[in-house]
Amino acid sequence: MADDLKSHLISSFEKNVRFDNRGLLDFRNVVIEYSVSKNAEGSARVKVGDTEVVVGVKLMIDKPFPDTPDEGVIMVNTEFLPMANPDFESGPPGIEAIEQARVVDRGIRESKMIDLKKLCIKKGEKVWIVSIDVCTLNDDGNLLDASALGAMAALKSARFPEYENDEINYKTHTAAKLPMKKQPVAVTVYKIGKHFFVDPSKEEEQNIDARLTITTTEDNTICALQKGGDCPLTLDDITKMLDIATKISKELRSKL
Amino acid sequence: MGKLIIQDKAVVVPGETLAEGMDYLPGAGTYRLGDKILAEKLGLINIDGRALKLIPLSGRYAPKRNDVIICKVIDVTFGGWRFETNSAYSAMLSVKDATSDYIARGADLTSYFDIGDYVVAKITNVTSQKLVDLTTKGVGLKRLRGGRMIKVNSQKVPRIIGKQGSMVTMIKKATNCNIVVGQNGLIWLSGEPKDEVTAVSAIRMIEANSHIKGLTDKIKDYLGFTGEVGEPEHKEYEHKENEHKEYGHKEYESSQNDDNN
Amino acid sequence: MGYAKRTNNRGFDELRKIEAKTGVIKNADGSAYFKIGNTAAYAAVYGPRNLYPKFLQNPSTGILRCSYNMMPFSGTGERVRPGQSRRSREISLVTEKALLPVVDLKEFPNAVVDVFIELIETDAGSRCAGICAASMALADAGISMKDLVVAISVGKVDDKIAVDLDYDEEAYEGGPVSDIPIAIIPSTGEFSLLQMDGEISKEDLIKALSLCKKVVPKLYEIQKKALSEKYTKSD
């Protein structure tokens with residue numbers, strides 16, 4: 001019976017109508033607010049329709065990894081707060097939250113958007129750690145794209161705290177921004193039946209066959225991919241999905 | 001001497017003083033504290049003579065006997081089915097209350113209702129410990145096939161149905177959609193995609209504006225509906241304890257009458 | 001000398017700027033946002049709903065379960081490690097006890113009402129902001145309540161009693177500081193949360209608690225406005 005809803009969705013998609021009256025390639029309204037949390041070095045609240053996330057960036061100083069002694073460190077963590085969805089449970093991140101954090105992380109890391117060498121304070125001893133925390137407020141589908149966009153917005157708004165005599169003074173922020181070179185944006189293209197669409201509602205998300213998250217930079221370079229869902233994709237599918245993502249990523253980037 | 005602090009139809013919040021003195025009586029959703037009457041919920045105040053009643057504006061559905069609800073099969077047991085009811089409690093439907101057909105012992109019950117199926121059912125009993133029994137014997141009580149489901153604030157259901165079903169009937173006629181409204185705040189729709197969208201936005205409008213006057217006309221305009229609404233002269237929004245009995249669709253009325261006999 | 005003027009230029013009985021909204025979390029049965037100065041809390045209520053595991057169920061009433069959490073970037077210093085800490089668990093407990101006296105869940109045996117409180121930024125008074133938000137979210141969820149619960153901190157900074165201490169005042173070094181978070185049931189004037197850090201005399205404590213009561217009507221009005229707003233806008 002669970003297929004009843006899915007076949008109803010598909011028959012609606014055949015007419016290019018979604019349950020909320022959007023076309024298949026229409027994103028919901030995106031609203032980005034910057035600096036929503038004063039204690040974070042950078043923060044943003046992103047709304048995509050009724051989906052809402054808050055992302056905060058904290059800057060800390062610690063030892064670098066031994067294999068990259070002159071580079072700063074990026075960490076991405078996602079909390080699926082039980083506030084956001086009646087099915088989310090308290091406790092350590094589940095596998096969905098972990099996957100999402102890693103996909104966001106990959107987009108930031110592989111695009112080389114942050115010049116990690118510039119985050120080195122003393123080689124082998126002290127580097128800046130950029131910690132990005134994504135917290136979900138309300139889940140009405142597509143947390144992934146919202147989180148990646150939120151991470152970008154929070155990084156853009158980040159300012160270094162005062163650092164003197166080996167001590168960070170978190171109470172005073174300087175004007176110095178993170179050394180950012182690019183703005184990777186993640187767009188996930190979803191597939192139900194033979195239809196491709198973006199930005200699913202919760203209802204749509206629960207009925208997908210496959211999804212492909214495509215993170216691209218301004219020059220259309222693809223810097224991260226993640227295929228999800230239970231069904232495989234053909235090369236033809238992937239080509240179509242890449243075309244859609246490239247187009248939508250420009251729309252999303254213009255909101256930043 | 002007693003003194004009324006608020007006006008009829010005022011929106012009040014928990015702890016708000018409604019009246020002072022002993023002249024007024026605390027009705028549903030209100031309570032007496034010393035010589036005052038206070039609100040116990042977020043709601044609209046209805047002043048009925050000396051009685052002060054509060055009509056809740058929000059809150060999850062609480063199962064009540066004779067309510068017709070839409071529920072989802074979550075388990076199939078030896079003797080029947082367990083349903084999720086969009087409330088704090090699940091409900092049971094036993095084989096004997098499901099159908100007048102003969103079902104042999106050990107028959108495959110999933111051929112009647114399978115896990116995940118949505119079913120329109122009537123509540124026959126609710127115990128003090130909130131064990132809920134259902135029946136699907138009766139006109140209009142059935143498995144729902146195809147279509148889609150939306151959730152609304154269950155406190156707004158009477159308004160969405162309208163007097164004698166006038167509101168939902170108007171939406172059905174104007175949009176050519178099949179619509180079933182469950183008292184538990186689940187609404188099932190099936191029609192052409194664009195028509196469903198129109199029906200859903202009309203329902204959302206009612207949900208958001210249930211407290212305003214002239215709502216029927218507003219919805220009529222929105223739908224561009226030109227037929228008779230079939231509602232008596234518009235009266236002030238009133239809510240009776242047994243309002244759920246006004247459940248509009250004819251088919252349910254008849255089944256309710258059967259039950260009363 | 002003493003503490004003649006507050007470091008934030010407020011009067012001693014003056015609250016920080018407050019912003020309150022309800023219905024902010026669409027999935028929840030009730031929700032609220034409460035911001036006082038730079039301390040901001042979201043609260044979402046789910047329920048009454050099924051409670052598992054079954055041994056937690058109470059056959060004579062529904063139970064209230066509160067969870068207080070700081071977002072990792074919300075603290076005044078370093079990043080707060082995600083997940084429960086001893087501090088957050090204790091605050092969850094006292095929050096529950098602060099709200100319980102007004103909440104009536106007898107109609108919902110064996111069920112649970114979950115309250116999730118998330119702090120997005122903090123500058124002292126976070127448990128009080130959380131309780132204010134939670135109380136509004138419960139009312140927004142249509143829960144039967146004798147009253148809203150109002151929470152605020154009061155304290156003595158050096159020689160002066162002041163309401164709604166911020167982080168700088170809590171960290172004041174010119175003299176002894178006491179910080180007393182309280183919650184009050186406005187209709188009865190009873191206290192449902194009372195904690196204290198620091199030191200204070202019996203007389204000053206009574207004075208502080210009395211000063212607190214002065215600001216209760218103001219806070220109640222703010223909560224009331226946020227709750228009724230979406231129903232009273234003319235169309």
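**Note on the predicted model: chains A, B and C**

1. Chain A contains 5 helices and 12 strands; helices (H or I, at least four residues) and strands (E, at least two) are DSSP runs, numbered from the N terminus. The radius of gyration of chain A is 19 Å, close to the 18 Å that the globule rule gives for 256 residues, so chain A is as compact as a globular protein of that length. That radius is taken over C-alpha atoms, and the globule rule is 2.2 Å times the number of residues to the power 0.38. The C-alpha trace of chain A spans about 65 × 35 × 30 Å along its principal axes.

2. On conventions, this is a predicted model, in which local features need pLDDT of at least 70 and side-chain atom pairs count only at pLDDT 80 or more, while totals for chains, interfaces and linings use all residues. Residues are numbered from 1 along each chain as its sequence is written, and chains are lettered from A and ligands numbered from 1 in the order in which they are written.

3. Of the 256 residues of chain A, 44% count as buried. A residue is buried if 20 or more other C-beta atoms lie within 10 Å of its own, exposed if 12 or fewer, and partly exposed in between, with C-beta atoms placed from the backbone. Among contacts in chain A between residues at least 6 apart in sequence, 68% join residues at least 24 apart; two residues are in contact if their C-beta atoms, placed from the backbone, lie within 7 Å.

4. Helix H2 of chain A (residues 95–110) has 16 residues. From first C-alpha to last, H2(A) reaches 22 Å, close to the 22 Å expected at 1.5 Å a residue; the expected span is 1.5 Å times one less than the number of residues. The buried residues of H2(A) include Ala97(A), Gln100(A), Ala101(A), Val104(A) and Ile108(A). An α-helix has 3.6 residues a turn, so residues three or four places apart point the same way. The cover over the buried residues of H2(A) includes helix H3 (143–157) and strands E4 (73–79), E6 (126–138), E9 (185–192), E11 (210–216) and E12 (222–228) of chain A. Lys112(A), which follows H2(A), has a positive phi, near 55°.

5. Chain B holds 6 helices and 17 strands, and 41% of its 261 residues count as buried. Its domain assignment gives domain 1 (3–56), domain 2 (68–144) and domain 3 (148–260); such bounds come from an automatic or database domain assignment. The C-alpha centres of domain 1 and domain 2 of chain B lie 39 Å apart. Among contacts in chain B between residues at least 6 apart in sequence, 58% join residues at least 24 apart.

6. Ile45(B) lies in strand E7 (residues 43–48) of chain B. This residue is buried, because 23 other C-beta atoms lie within 10 Å. Neighbours within four places in sequence aside, Ile45(B) is in contact with Ile6(B), Asp8(B), Lys9(B), Ala10(B), Val12(B), Leu18(B), Leu52(B) and Leu54(B). Thr30(B) is 15 residues from Ile45(B) in sequence and 9.5 Å from it in space, C-alpha to C-alpha.

7. In chain C, 7 of the 7 residues of strand E2 (residues 30–36) are buried. Gly30(C), Ala32(C), Phe34(C) and Ile36(C) cover one side, and Ser31(C), Tyr33(C) and Lys35(C) the other; all are buried. In a regular strand the side chains alternate between the two faces of the sheet.

8. E2(C) pairs in the antiparallel sense with strand E1 (residues 18–22) of chain C over 5 bridges, and with E3(C) in the antiparallel sense over 7 bridges; two strands pair if DSSP finds at least two bridges between them. Ile18(C) has Ile36(C) as its bridge partner in E2(C), while the partner of Phe34(C) in E3(C) is Ala41(C). E2(C) and E3(C) form a hairpin with 2 residues between them, and Gly37(C) in the turn has a positive phi of about 60°.

9. Where chains A and C meet, 25 residues of chain C are in contact with 30 residues of chain A. E5(C) gives the most to the side of chain C that touches chain A, with 4 residues. By class, that side has 11 nonpolar, 9 polar and 5 charged residues. Ala, Val, Leu, Ile, Met, Phe, Trp, Tyr, Cys and Pro count as nonpolar, Asp, Glu, Lys and Arg as charged, and the others, Gly among them, as polar.

10. The contact between chains A and B takes 10 residues from chain B and 10 residues from chain A. Helix H4 (residues 193–208) of chain B provides the largest share of the chain B side, 3 residues. The residues of that side divide into 2 nonpolar, 3 polar and 5 charged.
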